[in-house]
Amino acid sequence: MLNQVKRDRTKMGQELRAVFVATLDELMTKNQKVIALEADLGSASGFANLTQRHSQQLINVGISEANMMGVASGLSLTGHIPFCHTFAPFATRRAFDQLFISGGYAQTTINIFGSDPGFAVGPNGGTHTSWEDVALMRMIPNSIVCDPADGIQLAWLIRELADKAGIHYIRANRKAVREVYETDARFELGKGNILKQGRHIALFASGQLVSETLDIAEELALKGVDVTVVDMFTIKPLDSNLVIELSKTHDLIISIENHSVTGGLGSAIADVIAEAGLNAKLLKIGVNERFGQVGSPDYLQDEFGLSKSKIQAKILDFIDKV
């Protein structure tokens, strides 16, 4: 699916937490069965802003993330539509057993917003850093795992998943990120968006690194490298057909993600290539065998090799080696 991107991507969009809250407000107004659950982060997430209008549809469980997933599962069994928020490692790593058993195994519906994944965690440090959340959530049978590029895509995802049963995980920054899409952009779960069509290299990116990937593609074009850019915002189910198609028509395949190179977008792409018996050359750009640390988001993005300059250097080095 070829999608329309903004001409000027230097503009920062609305804070993603504000997008999440505004979209939830809309859903809660239309349907009293929509319930928001928070783990004592109402100020950080903006969920506290829902209190006045939806006091009967908002539950703060306290610093008890695993219990929050259990409560959400119970709400689902009574016909409600729960949306849970906490920081990404606590929404996944800390609560994984409840998500797997009370959620996936019990076939209940839980919509999860895991905020500030990867380098977006900033000064909250290593204990709050999640390089593994996508890998964990992909392991739950029939789960849906998404990493939206901007607020336009995030709002669409919230509305789309509200009508679906199952375990749904959205990872996104709480703060503002650069806008990628026009307001009328169209999306489809499980389908990658081709944002730029090229011939030599296919770059598959997710989350807020999509904007950097588009910048990198423009700079590579000046060096004579023609690049296709794909926003693979749905990591599970993955658009396997698109991976296979581009692996056959491009010289190199590169994945770019704010996540570990183990178990994330790159691993999902590698599985497709291997199972299809293709001889595609793949480079996975992400974090390798590292724990998180304290720093500003910009510092951490560079420290973990995910800044635009360091990603581009890895791509050029890969091109030279092959």
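An open sheet of seven strands runs in the order β2-β1-β3-β4-β6-β5-β10, with mixed pairing. Here strands (E, at least two residues) and helices (H or I, at least four residues) are DSSP runs numbered from the N terminus, and two strands pair if DSSP finds at least two bridges between them. This is a predicted model, in which local features need pLDDT of at least 70 and side-chain atom pairs count only at pLDDT 80 or more, while totals for chains, interfaces and linings use all residues. Residues are numbered from 1 along each chain as its sequence is written, and side-chain values use heavy atoms, with hydrogens and water left out.

**The sheet and a helix across it**

- β2 (58–60) and β10 (234–236) stand at the edges with a single partner strand each, so one side of each has no neighbour in the sheet.
- From one strand to the next, the twist averages 20°.
- β5 (residues 144–146) pairs with β6 (residues 167–172) in the parallel sense, over three bridges; V145 has Y169 of β6 as its bridge partner.
- Helix α3 (residues 65–77) lies across β1 (34–38), β2, β3 (81–87) and β4 (110–115), running at about 170° to β3. Such angles run from 0 to 180 degrees between N-to-C directions, with axes fitted to C-alpha atoms, for helices over the stretch in contact (heavy atoms within 4.5 Å).

- The structure holds 16 salt bridges, each a side-chain nitrogen of Lys or Arg within 4 Å of a carboxyl oxygen of Asp or Glu.
- E26 and R159 meet through their side chains at 2.9 Å, N to O.
- The scale is buried under 20%, exposed over 50% and partly exposed in between, with a 1.4 Å probe and protein chains only.
- E65 forms a salt bridge with R94, their closest N and O atoms being 3.3 Å apart. E65 belongs to helix α3, and R94 to the loop between α4 (88–91) and α5 (96–105), 29 residues apart.
- E65 is buried, at 6% relative accessible area, whereas R94 is partly exposed at 48%.

- D317 and K321 form a salt bridge at 3.2 Å, N to O. Both lie in helix α12 (residues 308–321), four residues apart, about one turn of the helix.
- D317 is partly exposed at 38%, while K321 counts as exposed at 64%.
- Salt bridges that share partners join E26, K30 and R159 into one network.
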